[in-house]
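Please keep the sequence and the structure open while going through them.

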Amino acid sequence: MKKGQPNSWQRSAQWREISRAAIRRWNAKRASLPKCGARRKRDGEPCLNLAMANGKCRCHGGRTPRGDQYRQIQWPNGSAPDAERKLAAKLKRAERNRRAKERRLAAMTPEKRAAHEKWQRDHKPGPAADRVRRRANLKAAAEFRAISERADARPLSPELLALQAERERIEAERDRVLRQIENNKPVGVFG
Ligand SMILES: [Zn+2]
């Protein structure tokens with residue numbers, strides 16, 4: 001039998017009846033499944049393809065990963081028959097995007113470049129929990145900085161000044177003693 005040609009079972013009336021029933025079942029189910037609401041280009045109406053988990057079809061961002069996979073390249077499934085071709089295409093596109101980004105960066109003015117780098121620093125991708133933690137850390141650090149700057153601006157009381165002088169004196173004395181010990185250390189077996 002030639003490959004791709006239906007065999008005698010697939011040409012039988014019974015097989016056709018089973019297939020028709022399966023398609024009818026699927027069409028009945030399809031009508032009740034959630035649809036993509038993106039605007040389609042041909043007439044501006046909603047797309048109505050089957051929606052994926054995020055409410056959009058696979059052509060309208062349904063396959064765009066979320067969370068820690070956001071903005072990460074999604075490699076093709078290795079067991080797919082055309083995995084090699086897909087991988088080559090992905091790598092080619094990634095390289096083209098990298099070169100385009102390089103050109104954009106090279107064409108930027110210094111101010112634009114600085115703004116771009118600041119945005120990149122402040123908008124690190126990653127899991128939502130990580131981003132929340134980073135934001136909290138930045139906020140705490142800014143508050144700490146503000147508090148310590150205010151503390152520095154405050155005039156020191158005479159008692160505090162005396163204590164500071166005393167501490168510096170003790171530290172100098174300690175360093176002097178340590179140096180003395182270091183200098184008097186025996187050197188080798190005949191020291
Ligand atoms: Zn769509």
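1. Arg-174 counts as partly exposed because its relative accessibility is 47%, where buried means under 20% relative accessible area, exposed means over 50%, and partly exposed is in between, with a 1.4 Å probe and protein chains only. The side chain of Arg-174 meets that of Asp-175 in a salt bridge at 3.3 Å, N to O, a salt bridge being a side-chain nitrogen of Lys or Arg within 4 Å of a carboxyl oxygen of Asp or Glu. Asp-175 is also partly exposed, because its relative accessibility is 32%.

2. Before going further, please note that this is a predicted model, in which local features need pLDDT of at least 70 and side-chain atom pairs count only at pLDDT 80 or more, while totals for chains, interfaces and linings use all residues. Residues are numbered from 1 along each chain as its sequence is written, and side-chain values use heavy atoms, with hydrogens and water left out.

3. The structure holds 14 salt bridges, and one of them joins the side chains of Asp-43 and Arg-42 at 3.9 Å, N to O. Asp-43 is partly exposed at 39% relative accessibility, whereas Arg-42 is exposed, with a relative accessible area of 69%.

4. In helix 3 (residues 110-122), Glu-117 and Arg-113 are four residues apart, so about one helical turn separates them; helices here are DSSP runs (H or I, at least four residues), numbered from the N terminus. Their side chains meet in a salt bridge at 3.0 Å, N to O. Glu-117 is partly exposed with a relative accessible area of 37%, and Arg-113 is partly exposed with one of 32%.

5. Salt bridges also link Glu-95, Arg-98, Arg-99 and Glu-102 in a network. Arg-96 lies in helix 2 and is partly exposed, at 48% relative accessibility. Between Arg-96 and Gln-74 there are 16 Å in space, C-alpha to C-alpha, and the two are 22 residues apart in sequence.

6. Which residues coordinate the zinc ion? They are Cys-36 (SG), Cys-47 (SG), Cys-57 (SG) and His-60 (ND1), at 2.0 to 2.4 Å, where donors are N, O and S atoms within 2.8 Å of the metal (3.2 Å for Na, K and Ca), and where sites may look incomplete because water is not among the atoms. The four donor atoms subtend angles of 106 to 114°, which makes the arrangement tetrahedral, a label given to four donors if all angles lie between 85 and 135 degrees.

7. Along the chain, the zinc donors follow the spacing C-x10-C-x9-C-x2-H. Cys-36 and Cys-57, 21 residues apart, both sit in the loop between helix 1 (13-32) and helix 2 (83-106), and this pair links distant parts of the chain. Both of these cysteines, Cys-36 and Cys-57, are buried.

8. Ile-73, Trp-75, Leu-87 and Leu-91 make a nonpolar surface patch of about 380 Å²; patches are made of residues with over 30% relative accessible area and no salt bridge, with nonpolar side chains joined within 5 Å and like charges within 9 Å. Ile-73 lies in the loop between helix 1 and helix 2 and is partly exposed, at 41% relative accessibility.

9. The protein is divided into domain 1 (10-64), domain 2 (84-126) and domain 3 (128-175), with bounds that come from an automatic or database domain assignment. The C-alpha centres of domain 1 and domain 3 lie 63 Å apart.

Technical notes:
Tetrahedral: all angles 85-135°; square planar, octahedral: opposite > 155°, others 65-115°. Helix = DSSP H or I, 4+ residues; strand = E, 2+ residues; numbered from the N terminus. Areas by Shrake-Rupley, 256 points an atom, 1.4 Å probe, with all protein chains shown as cover.
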